[in-house]
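Thanks for coming. I will go through one model this morning, from the overall fold down to a few single residues.

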Amino acid sequence: MSAPDNGLPANGNGAPRPVAIAVEQIWKRYGDFEAVKDVNFSVSEGEIFGLLGPNGAGKSTLIRMMTTLIPVTAGKAIVAGHDVSKDPDDVRQAIGVIPQALTSDQDLTLEENLSIYAKLYGVPREQRKKNIDAVLEAVDLTEWRDAQTKTLSGGMRRRLEIARGLVHNPRIFFLDEPTTGLDPVSRIAVWEMLNKLKTTRNLTMLLTTHYMDEADKLCDRIAIVDHGKLVALGTPVELKNSVAGANVVEVHFDRDDEAWPARLEAMEGVTSVQPEGAGFYRVITKSGSKTTMQIVELAASLGETLTSLSVQNTTLDDVFIHYTGRQLRDEQVKPVFTMPPRPGARP
Ligand SMILES: Nc1ncnc2c1ncn2[C@@H]1O[C@H](COP(=O)(O)OP(=O)(O)OP(=O)(O)O)[C@@H](O)[C@H]1O
Ligand SMILES: [Mg+2]
């Protein structure tokens with residue numbers, strides 16, 4: 001099954017939206033090591049575009065090339081109409097960047113941190129205060145403007161970094177793992193903030209993540225990267241639909257019957273049936289909803305009773321496994337830490 005094409009999404013009247021970022025056959029080599037290999041994609045204006053991949057996939061390397069921080073080995077990246085290799089200054093003026101590591105100065109106040117960036121980006125003095133007021137408001141930190149940055153929580157610090165990246169009113173915003181290390185509540189707060197910013201500031205956003213739920217909830221389109229290569233690209237729905245046979249229907253018949261596997265296998269869209277014992281079957285199907293209906297109808301026509309029936313829809317985890325052959329590493333598969341037993345404690 002091929003990945004969905006990377007054609008640009010159309011706007012309401014069917015015309016393609018202008019391109020904000022175009023990456024063409026881009027490569028990055030460090031000596032013999034190929035960190036990014038022949039990657040192509042484009043992001044249209046107003047999109048939230050996600051680069052999803054495990055540690056070491058090449059996400060930060062891609063962002064660093066698109067934001068002029070490291071040279072491109074081969075191929076090109078056009079950002080806001082400018083070639084990153086030929087017109088890096090024009091690119092820098094058009095973009096805001098939130099790097100992977102937190103970089104605001106802990107000993108300065110929020111306003112001081114923002115002011116330094118505004119000056120760096122050449123925001124005129126009379127405009128600076130207005131911009132700082134606006135970005136603090138946008139990330140809900142107005143009341144903290146004179147606090148020292150070290151007094152902020154992790155989530156608030158991320159929001160400050162988001163404000164800092166916006167202080168010169170960029171059109172395109174690059175965020176490298178904006179929520180890594182945040183607690184679930186702060187993560188959702190950051191998602192809501194980014195969604196609001198996208199609309200109110202008419203921003204195009206490119207973010208990296210290794211959280212499936214983040215990519216699913218936040219991104220209009222997702223590119224899955226693995227070992228430096230782009231392995232799939234599409235909207236979350238397109239990606240899920242591109243993985244056939246990934247819906248799982250679990251059914252438990254009150255009365256087991258050796259005819260069930262054949263009956264289930266004969267249903268349209270069913271790709272496999274796994275008997276789990278005592279009338280319980282796992283059915284892999286291309287359409288969970290259709291198969292569920294057919295099972296209910298068949299059971300009713302035979303006068304059989306269902307003890308339970310559940311459908312598990314395709315998730316981005318299934319998509320990732322399908323395209324890369326394995327699960328996302330790191331956070332998702334970290335070993336669980338267990339406390340060592342106290343001396344003398346019973347096992
Ligand atoms: N300066 C460098 N010199 C040599 N190799 C590098 C350099 N920077 C990155 N790499 C390698 O390139 C690969 C991609 O790294 P990159 O930081 O882009 O991954 P990533 O997808 O951002 O991972 P993470 O989720 O851990 O941030 C890794 O194998 C990394 O070790
Ligand atoms: Mg990274």
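The secondary structure of this predicted model comes to eleven helices and 14 strands. Helices (H or I, at least four residues) and strands (E, at least two) are DSSP runs, numbered from the N terminus. Of the 347 residues in the chain, 46% are buried. Buried means under 20% relative accessible area, exposed over 50%, and partly exposed in between, with a 1.4 Å probe and protein chains only. Among contacts between residues at least 6 apart in sequence, 69% join residues at least 24 apart; contact means heavy atoms within 4.5 Å.

A word on conventions. Residues are numbered from 1 along each chain as its sequence is written, and chains are lettered from A and ligands numbered from 1 in the order in which they are written. Local features need pLDDT of at least 70, side-chain atom pairs count only at pLDDT 80 or more, totals for chains, interfaces and linings use all residues, and side-chain values use heavy atoms, with hydrogens and water left out.

On confidence, the chain averages a pLDDT of 86, and 89% of the residues score at least 70. pLDDT is the predictor's confidence in each residue, from 0 to 100. It is below 50 over residues 1-8, a stretch with 26 contacts in the model beyond near neighbours in sequence. Residues 330-340 are also below 50, and that stretch has eleven such contacts.

Next, the metal. Which residues coordinate the magnesium ion, ligand 2? They are Ser-60, through OG, and Gln-100, through OE1, at 2.0 to 2.2 Å. Ser-60 lies in helix H1, residues 59-66, and Gln-100 in the loop between strand S6 (95-98) and helix H3 (110-120), so the pair ties together parts that are 40 residues apart in sequence. Donors here are N, O and S atoms within 2.8 Å of the metal (3.2 Å for Na, K and Ca); water is not among the atoms, so sites may look incomplete. Ser-60 is buried, at 12% relative accessible area, while Gln-100 is partly exposed at 36%.

Staying with H1, seven of its eight residues are buried, so the helix is largely enclosed by the rest of the structure. Among the buried ones are Lys-59, Leu-62 and Met-66. After H1 comes Thr-68, with a positive phi near 70 degrees.

Now the largest pocket, with a volume of about 220 Å³. A pocket, on a 1 Å grid over the protein atoms alone, is an open set of points where a 1.4 Å probe fits, with protein on both sides within 12 Å along at least five of seven lines; lining residues have an atom within 4 Å of a point. Grid points are joined across faces, edges and corners, and the volume is the space filled by probe spheres set on the points. There are 14 lining residues, and Thr-67, Leu-69, Val-97, Tyr-117 and Tyr-121 lie nearest the centre. S6 and helix H5 (154-166) are the elements that give two or more residues to this lining, and S6 provides the largest share, three residues.

Asp-83 is in strand S5, residues 82-83, and is buried at 10% relative accessibility. Leaving aside neighbours within four places in sequence, Asp-83 contacts Lys-76, Ala-77, Ile-78, Pro-88 and Val-91. Gly-181, in the loop between strand S7 (172-176) and helix H6 (184-200), is exposed at 69%. Gly-181 and Gly-154 are 27 residues apart in sequence and 8.0 Å apart in space, C-alpha to C-alpha.
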